[in-house]
Amino acid sequence: MTMPLTPVWFIALPLLLAFASPLWVRLRLLMPLLVGTPAALLALALGLLPAVRTAPLLETIVIAPPLGIHLQLDSASWLLVALINFAGVVVGAFLWLGETEPYLRERRAFILILLLIAGCNGMVLTGDLFNLYVFLEIAGVSAYALSALRRDAPALEAGLKYLIIGSVAAIFFLFAVVLIYLQTGNLSLAAVARGFSEIPGPMQMLIGLLMLIGLGIKTELFPFNFWVPDIYQGSHPAVASLYSGILVKAFLFVLFHLVFLFLADPGVAGAWLMGLGAITMLVAETVALRQEDLRRMLAYSSLGQIGLITLALGFGVESTTAGGLFHMVNHTLVKLLLFLTAAILLRSFVSARIADFAGAGRARPLAGALFVLGALAVMGLPPLSGFASKLWILKGFAEAGVFWPVALILLAALIEAGYYFRWIKVLYEPRTEVAIEPSEGRWAYLPIGVVAGLIVLLGVAPFLVDDLFIEGARSLLDRTATLVAVLGAGS
Amino acid sequence: MSLILKLFFFAVSLSPTALLMGWDGHLTWTLLDGVGLSLTLTPLAAFFLLLLALAAPLVALPMLRRPADWPSLALYAALLAGMQLLLLAGDFVSFFIGWEIMTWSSYLLLLRSPRTEMATSQSYILFNLASAFLLLAGIMVFYGLTGSFDIRPLVGPTQPQQLALALLFGLAFLIKVGTLPLHIWVPRSYDEAPDIFSAFLSAAISKMGVYGMILLLTLFPEALTGLYGRLLNGPAAGYLLAWVGVITAIVATYKAISQEDMKRLLAYSSIAQVGYITTAVGVGSSLALGGALYLALVHTLVKLLLFISVAGIVLQTGQRRFNDLGRLIERMPISFFGVLIGIIGLAGMPPLPGFAAKYLVFVSLVDARWLLLLAAMILSSTAAFIYCYKLIYAPFLGHANSAGAREAKEAPWPYLVPQVILMALLFGLGVFPGFAIEVLIDPVLTALRMAPLGGSSWAVLTTAYGGYDGVVLMSVFVTAFVLVTGLFLLLRGRMRRAGSPYDLSYAGEVPTEETPLHYGAGMGRELRRIPLVGWILRHSSQGFYLGLTRQMRAAAGLLGGFYAGNPQTWILLAVVVFAVVLGLQAVTGGI
Amino acid sequence: MHAILDSLAMIGVSYIMGFLFYGFYRQLNARVQRRWGPSIWQNFFDNMKFFFKSETLVHGPMFFFGPMIIMAGAFTTVLFVPFLKDSNWLQGYSQYGNLILIIYLLVVGPLGNALAVGSSGNPFGVMGVTRGLTRLMGLEVPFFLGLGLVMLQHETTSVHAIMAAQDGLAHWGIVTNPIAFCVILLPFIASQNGSPFDVVGAPVEVYAGPRVEFGGRLLGVLMTQNMMMSIAKLVLVTDLFLGGATNILVLILKAFALFVLTTAVSMVFPRLRTEQAVDFFWKVPLGLGVLGVILTVWLPWSA
């Protein structure tokens, strides 16, 4: 911690500020800090970008790897860090400017959100398994508590359910970590990766399975994602946007980071993940067809997109991986947009059921338009960013001559259209005369507008950022480079 | 402010015209790693851009009437931008982007109508997205084959490759043009869309499917012949396509006859007309493609004219069903002429250009020796007379059947100006059938490396099978008409206007106001007694799609059962999966 | 000048042939029914009587213009059918047209008149129009298929070229392409509004024809155009199947023979209802036409 600008700030700053929260309450700085912290981290990430693009940044804490603890900021994790902090800024700004419910503007929410950001940053950056577990728990615990913040029955129920299922996931993951430690005697990711191939086959299998279930629950893959809709429905949409926008993305990144790092030949695991991703995508999109609750519908749509990203990343080819990372970013943007718009609509129309939304788009034209924009982007319609990333993924599959994922992705997109357009139609239903409440909190549209602008910009000119994703994909896929960087050339 | 915005919007609607006049170049725009957009204007695209340039301002004009619906105007601008991108596309990515922008912006425009139902909007967007995604799948296959997104002929494709491409692209475009059995979204959406926008849907947007079909032919080195060889004197694969088109035309014509709503009738008639175009594309010879393009041109003009006239009627009377209208000829004379010219063009009667287009297609069928198709096409184009007559009789002739129809005034000028322009265009093209051939169609045919059709002058339409002279035809007819009318009026005797509309020879009775005298929607009902027609009218593909929807919902319900909120189940499932996989592993691999 | 004289001549010839043929038809019909019947000139007298009626009732402008359109259509049709071959006379403007155009021109007039019928506001008139259009839909399919066979045989749509190809009895269309002639014969009768396909204007318990509201001079116009149109159709079929004619006498002879043939068919059969007629056309003549297509186009010896 000698250098002023190092990756460690991504974890340290939010933690420090969160624990010093009593101070900020006094100074009435809660809200400015909630926005300012991720904003500062985002600025830091941008400042580090040139350095990261030349070589991964390694931050050793106390002792050098393989024994010590270290943080690793390479092109891939940079993307995630930037994304997480950007989402933090947006949600923070929304809570501040949007005059949201008071319980989200208090000290507890402040602490929990910053902890969530710190945990996600940590998971993405950390270079050893034990810290990975620790950050996973930090992020998890703050997420459970965020769900339960509202203190009414649905919220508490959601929080409790989340706690239970999250703990189970953590246990599976912990088992895997223990087994790895027993087998290799190491916890540093790079060292484990080097020794992983020497673990006997069945044990590899067992570890893999434990990991898969533990992280599968966290990343919301198909047979393990039945908890998701309940939690998303019970939480405030702004909180749900954090889950869908950053928490899941961090876990997904961890999952694939581990897969590509540990396995010299990720073919089999990749195929498993592709299969799971495809099933997740199709099942979630199908189930979403019948959802009558906006938040629940968005939750299923989120699952579907996660499935798509898993499918793309599992293929392990540079262009699908780059597309997958890009889609991760896009999906975060879109879900921020949709959930925050949903928050605005929910405040005006009380109920989240489809029947009560009839004509909402005509009563709240701006919110309606933003919802439509988000829906178009999530379905991957041009000229919005979802299209660019989907095209990239499809192109990757086509280049490789593998067409079944193309067919499935397009089929899923069609089913997805089936329910999103149903909502859009209801939003513009002409018949009802909706009671228009005085629209307070115009500023709430500012962060959403920024996100919408980004979605359009990335859709029209994705070439501005495509290098970042290609480099990210390379560093995610290139196992030896990581090993060399961490352990030295001799390893 | 509002005026400036409106002027700006009108300027936007003229952008296709400007593009058509001013574009000479090539524009590229990098999208992603290895994906670039390249924009260029081919002669084929220029032809369809011309159709767009005709339709865009004429539809924009009535849209500007007060009170303007600003979201509609913005969406219309997006729609135009998308369609221009689609037409300028030199590569499939820009083609697809344009296609999709067109799809969603037209969908959102459809929602602006207060009459749109959920089933309509859902079928519109799902069919169109299915079309778009099939297109995208085809593009991916194309990319897999060539390694590039550029639109250019394949080099030495094998038959399975051609078949895959033809199926994916073909289905995509057939959905867009709305051939049987993929047409189910068309009548609903044309009917329930905002009245003016229906004109654009039918006139311009459906033509993009035609553009796609012709573009598809250019991808294959031997067009459709390369697929399954030749049948008689045309491509065997095209024979199938041609039958699809003709059957579409026949069924849609009978459905049109049985409609009781003006816009729905026009919608079915659009399906039928596009069916003819599909047939012509299937024949694929130079004559047939010329005919297809000609039909597309005429259909654009005619459907613009008819939909705008009908929109005027609906605006002024508030009625859209045949039973509720009548006797508007005296109240809306210009609209009457609009519809009259429109149906003459629609029915393909000489001397309007509809005949020239049909003539080319008929001759191309004779040339291909596909006489059964010729007979089937005659069936639908003769049956079309009935709905054409219904379309002019029920609103304009007979007896006024509602207060709205009795008190209507002529439509406002933003509706009339486009009608007058379109009538003039149709009339001009009818007198000079060779003009469209020589100036508009021949460049396309030449670019497609086919024999041009142009004749010695703009007045004549010539083919190897003979032709006709539009100027002579028109002058003979007009002279005869003037002569006959003049002579008639010179004869001794006087004309007396009937004392009342009920002064009729009504089977020996004296009809009163209560007597149902308007034949309206009843027209064509007795056609059901003809076995074939009755069979067609009794059947519909709607049940299939409803069943599909039901099945999807059932599947959604079944799968949704997993997501019941019960943490024990979730954990149990996780553990069970864990155990089962381990168990399987133990059995197969052995731990 | 030549064109004008020629046109007038054609119109005159078709009118004279028209009322004479129909007069003959009435005579023959009466004799078959063992009546004396009217004189052969009766149609002409009837026609003139209508033209000099002193009063005509109209139901609005369109009602007046409909008969004018149908008359102009009849003139145009007549002028686009070549009456003679290898001659400068009685050609009209036929070199500027073709077979398909003539088929469509035959329909232009009746459709114009249908507007007038609708304008009258009499539902029985409109019912008649609908029946007429339905019958048209039925008959056009086999009719056009038969003509398609002819067009394919000669690889042209020009009536002149088809006529020119039939030099000598052995090359007459009826000899070289008998199936096509059989296919078009019955639809041709229907297009002449001949029995048994004459339900459109037939006297039934409620008069329901397109002409129900017309009277006076307007009815005269309708009658005139009907006679001229019939002659145009007869001449057209003569041109296509009977080798055309080199002079007016041969033309009258051939057209008359054809007329007698169709009349004979008409007199034997009872009237069909509209849907029966349509169904009949789609079964028998169309079936024959399909057979013809299979025999002459599909099977190997035809290539």
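**Figure 1. A strand from chain B and a strand from chain C run side by side.** Strand β7 (residues 494-497) of chain B pairs with β1(C) in the parallel sense, over four bridges. Strands are DSSP runs of E with at least two residues, helices are runs of H or I with at least four residues, and both are numbered from the N terminus; two strands pair if DSSP finds at least two bridges between them. Within this pairing, Arg494(B) has Glu55(C) as its bridge partner, and Arg497(B) has Val58(C). Please keep in mind that this is a predicted model, in which local features need pLDDT of at least 70 and side-chain atom pairs count only at pLDDT 80 or more, while totals for chains, interfaces and linings use all residues. Residues are numbered from 1 along each chain as its sequence is written, and chains are lettered from A and ligands numbered from 1 in the order in which they are written.

**Figure 2. The two faces of β1 in chain C.** Side chains alternate along this strand (residues 55-58). A residue is buried if 20 or more other C-beta atoms, placed from the backbone, lie within 10 Å of its own.

**Figure 3. Where chain B meets chain C.** Here 63 residues of chain B and 70 residues of chain C take part in the contact; two residues are in contact if their C-beta atoms, placed from the backbone, lie within 7 Å. On the chain B side, the elements that each supply at least two residues include α15 (353-367), α20 (470-490) and β7. The largest share, 13 residues, comes from α16(B). By class, this side of chain B has 46 nonpolar residues (Ala, Val, Leu, Ile, Met, Phe, Trp, Tyr, Cys and Pro), eight charged ones (Asp, Glu, Lys and Arg) and nine polar ones (the others, Gly among them).

**Figure 4. Where chain B meets chain A.** In this view, 48 residues of chain B are in contact with 47 residues of chain A. Among the elements of chain B that each give at least two residues are β1 (27-32), α5 (92-111) and α22 (542-560). α6(B) gives the most, with 13 residues. The chain B side divides into 35 nonpolar, 10 polar and three charged residues.

**Figure 5. Chain C as a whole.** Chain C holds 11 helices and one strand. Of its 303 residues, 60% count as buried. Its C-alpha atoms fill a box of roughly 60 × 50 × 40 Å, taken along the principal axes.

Definitions and conventions:
Buried ≥ 20, exposed ≤ 12 C-beta atoms within 10 Å, placed from the backbone.
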